[in-house]
Every structure is written in C-alpha cells, then in structure tokens.
Amino acid sequence: MATAMQPQQQQSLPPSSNPFRRPLRLLLITIFCSLSYILGCYSNSSNFTFPQRQRQCLQLNFTTHNHFSPPLNFEPLHKLHLPQKPIKILSFCSANFTNYLPCHDPYRERRFSVLRLSHRERHCPENDEKVRCLIPRPKGYKRPLPWPKSRDFAWFKNVPFKGLAQYKKAQNWVRLAGDKLVFPGGGTSFPKGVKGYIEEIKKVLPLKSGKIRTALDVGCGVASFGAYLMDYNILTLSMAPRDVHEAQVQFALERGIPAMLGVLSTYRLPFPSRSFDMAHCSRCLVQWTEYGGLYLLEIDRVLRPGGYWVLSGPPINWRFNYKGWQREPKDLENEQMILEDLARRLCWKKIAESGPLAVWQKPTNHLHCTQMIKTWKSPQFCTKPDPDSGWYITMDSCITPLPNVNGIREISGGGLENWPKRLNTVPPRVKTGTVEGITIKSFNEDNQLWKRRVSYYGVILKSLSDGKYRNIMDMNAGLGGFASVMDKYPVWVMNVVPSDAKMNTLGIVYERGLIGTYMNW
C-alpha cells in the first residue's frame, strides 16, 4: 500500500526552485541602472563639474524666485508735497531758567491779587509769553539715588536750595551734609520724627488694614508724612504751593514721593469728588474757618464717604501749645469752637482728639444729613456743576451731595475693597455705568491689554525692577490700566486725565487705589 502511493505523492510536489535565480535577477537590474547613470553623466560631461553643479544649484534657487516674483519696491506710492522749511533746532534757555515753572512764575504772579492767595494759583503764560527753549538741568546734576535710598537722601546739586535747610533746621525738615541733602523725617508738628507722629494716628485709624489707600497731604513741606505712609501701602499725594518755602515740592519729587503744586484758594482742587480715603493737614496754615468754611467744604468734596480728616497744629491742643504758637488762648479756643461747629454742620463725626491731633470722619451717605440740614443751619447742597469737575472750577460755599442710597447703612456710590484687592476689582463707577461708554467688559479688556504691553516694557527696560525709575507720568491715563500693572515695580504713576477728554475717567482711577490729576495738555 505504501509503495503504491509513493509515485502519486511525488507528482503533487512543486518543482524545486533554483536558489541562485533571485540574486542573479537583482544583480542584472543593478548593472542596468548603473550603466544608465554613467551614460547620462557622459552625455553632459562637457558642461558639468561638481563645483559648478553646486554653484548652479544655488543660483537656481534664487533665480527661480526672481523669475516669478517682481523685485520689491519700497518707495512710497503716494507723495504729499510739503513746504520745504528748515527744521528749527531748539536751543537751551539761559541758566536762570533751570527751575522755571511756566504756570507758577513769581514774576507773573505779581499781576494777581493776594486776596485768598489767588496769586498762588496756576496762572499760565499767554501764547506770546511762552518760552520756546529747552530747560537746562542744574550744573553738576547727577542721576537721582535709587528708591528706597532716595527717601532719605538726595544730591544737593540736583536741587541746589539751602533755604529750607537753614530756615527749618530746628524742625528737622532737611539738612545739608556734604554733597547730599538728608531728610531725617521731621516736620513742623513732628520735629522729633514723623514715625512717632504716624504711630499716634495709628492708635485711632486702621492704617494697616488696607481700608485707607489714598491720602491727600495739604501743605506737605518736603513730604515726609507721605514718605513714611508708604510703609503702610498708603499712597499719599503731597500738595503745597510755590511760596517762601522754596522748592519744597521739588524736594519731594527728588525723593521719589508723589507731590504736586497746589493751593486752596479760588478754584477747586484738580481731583474728582470722592477721591481720597484720608486728608491731612499738619499746621498747613490753611484758614479752615474763614470764607464760610469754603476750604473745608472742598476737602469734604474730595473725601470718600466714610473718609477721614486729620488735623494737627492750631487750634488743636491749644491749651498746651498756645505759648509756643505765640497766640492768645481765648482766640485759639474760639477758633476751635468755630471749627467744631463747621464740621458738625458738614455732618462729620469727631472720632478722636489725642495728643497733637484730632480726627473727623465724613458720613457714608447723606440721608441723616438731609434731615438735619435745616436744623443745624448747614450750607445747602450744591446743584451744579458736576461734582467730578475739577479744572478751573470756582469753589462754592455748598456741600457736594453724595450719590443717593436706599438705606442708612448703604455707602453712597458703592463700597470699595481693601487694598490690594481694590486695584483690579471692578470700580463702583464702572459697575453703575456712571461714565458713559465704560462697561465691565471694556474695563477687563483694558486690564488685559495693559498686562501684555507692560510685559514688553519689562523686557526692554531692565532697570524697572531695581529702583532707577521712580516718578512716572501717564499723560492720558484712561482707566489707569498702565499704572495698575506697574504697581509690581518700585515706581509710582501720576495718572493724568486731560481736562477736555470725552470721558472723565479720573474717578475710576481713584477708585482703584491710584492717584492722578486733571491737565489741559
């Protein structure tokens, strides 16, 4: 059976394959391709070498591009023929213009009345009086010392005035030591130092809580009060006129402290209503009880609902100080009685009188005040102009009304977050649509825009972080987005809103815990 089946099995097997047949086929194909390549190279051997091929390839890439694309033309397509006038190069003013202030010129102020210090107001030159030259820097000027060292020292040649160092020597405002000015932190009401004076205020007010963020110091001297409030994250705008205390505001700015020229006289201060958490006067020589309490009414306008007014100097604590002030006790007692009555008719509440100072608090709304205004014979509420208008607006003897509320515990205009949360929280003026065209969405978009922009500034200006830059001005501040992002650097920003801007946004800037002013660029 087995032998019968064997031939049949052999027939079913495939024929055996040749093991050399497949490699032979591959070899033939390789030889054929090689011959074709050699023949092709030989046919072009007359114009081909390896270096030339490399050069021709490079040329091919560029010439092909030029063949299909016309050459770029960078010339302007349209031209406007302007009159060819030579560019006028401004020259430097003479050396006596180094400290020239166009709108606070002592020669121009002689034209104005000294009544109510109106000659100390801002009086700018007419077009034909404007100086058209570059103000020279002081001889020997050096780069200001970096912050925070500048708080206590400054180069004398940068602000070369000896008058204050001599006149206020006993009160420790400033002293000259070699080539530097030294600021020991003294003042008229705190000759032993501003730190101890602020400690007295801290016993009464919550300076560390973040509730008080913006402050106004009237009659600031060299701004030592504002300088040391920075230890509490309180941003103080120090204000003083240009008077016999030469260059006091210039000293403050050289120290890196927010300051500006200003005086309580005829016009409103250049701030919107409800700007400051605290206002301060330390023997600032303002006649608070004169002219129907006009100047205290202006402080009331710029104070926030629930804001504080701190006063030291005459007539506060007159029983212990009348001899040093060289004043009659009866006169000082009468002055304080008038001041107390005026504050009461403004609906302010006196919360403390301790040591050298007294503190009053503005009401959080006017519900109670409206009911008592006739009983107390208080000034009437203002009916015009806009409470936020602050550029050459004459002061009136009236109370600036607070926004309406529904209940006695409600804060007029809306409450504010404590600092630093206040900086990026949507301000009440935005939430309520007080400024037409500004919405919560546009506010948030503006914040994001300035975050991107300032991130680029930080790459370019490496010195932003090391204190070399300190005083910065935003000439068209808008919503304060630039200043809000710059807060992470050791700088302060003066936010300027043009007085003729379509939208008055300076109130929003202040509600963010920032400071600024109006200006007519």
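Guide: Two strands pair if DSSP finds at least two bridges between them. Strands are DSSP runs of E with at least two residues, helices are runs of H or I with at least four, and both are numbered from the N terminus. The model is predicted: local features need pLDDT of at least 70, side-chain atom pairs count only at pLDDT 80 or more, and totals for chains, interfaces and linings use all residues. Residues are numbered from 1 along each chain as its sequence is written, and side-chain values use heavy atoms, with hydrogens and water left out.

The strand to start with is β7, residues 276–282. Seven of its seven residues are buried, so β7 is largely enclosed by the rest of the structure. Buried here means under 20% relative accessible area, exposed means over 50%, and partly exposed lies in between (1.4 Å probe, protein chains only).

β7 pairs with strand β4 (residues 214–218) in the parallel sense over four bridges. Within that pairing, Ala215 has Met278 of β7 as its bridge partner. β7 also pairs with strand β8 (residues 303–312), again in the parallel sense, over six bridges. Here His280 has Val310 of β8 as its bridge partner.

From β8 the pairing goes on to strand β10, in the antiparallel sense over five bridges. Leu311 stands opposite Ala358 of β10. β10 covers residues 357–361 and is mostly covered, with four of its five residues buried. Strand β9 (residues 349–354) pairs with β10 in the antiparallel sense over five bridges, and Glu353 stands opposite Ala358 there. The hairpin of β9 and β10 has two residues between the strands, and Gly355 takes a positive phi near 60° in it.

Aromatic side chains come next. Rings of Phe, Tyr and Trp (its six-membered ring) pair if their centres lie within 6.5 Å; planes under 30 degrees apart count as stacked, over 60 as edge-to-face and the rest as tilted. The count is 15 aromatic pairs. In one of them, Tyr267 and Tyr392 have ring centres 5.2 Å apart and planes at 65°, so the pair is edge-to-face. Tyr267 sits in the loop between β6 (259–261) and β7, while Tyr392 is in the loop between α11 (367–372) and α12 (428–431), and the two are 125 residues apart. Tyr267 is partly exposed at a relative accessible area of 26%, and Tyr392 is partly exposed at 35%. Separately, Trp288, Trp309, Trp348 and Trp360 form one aromatic cluster.
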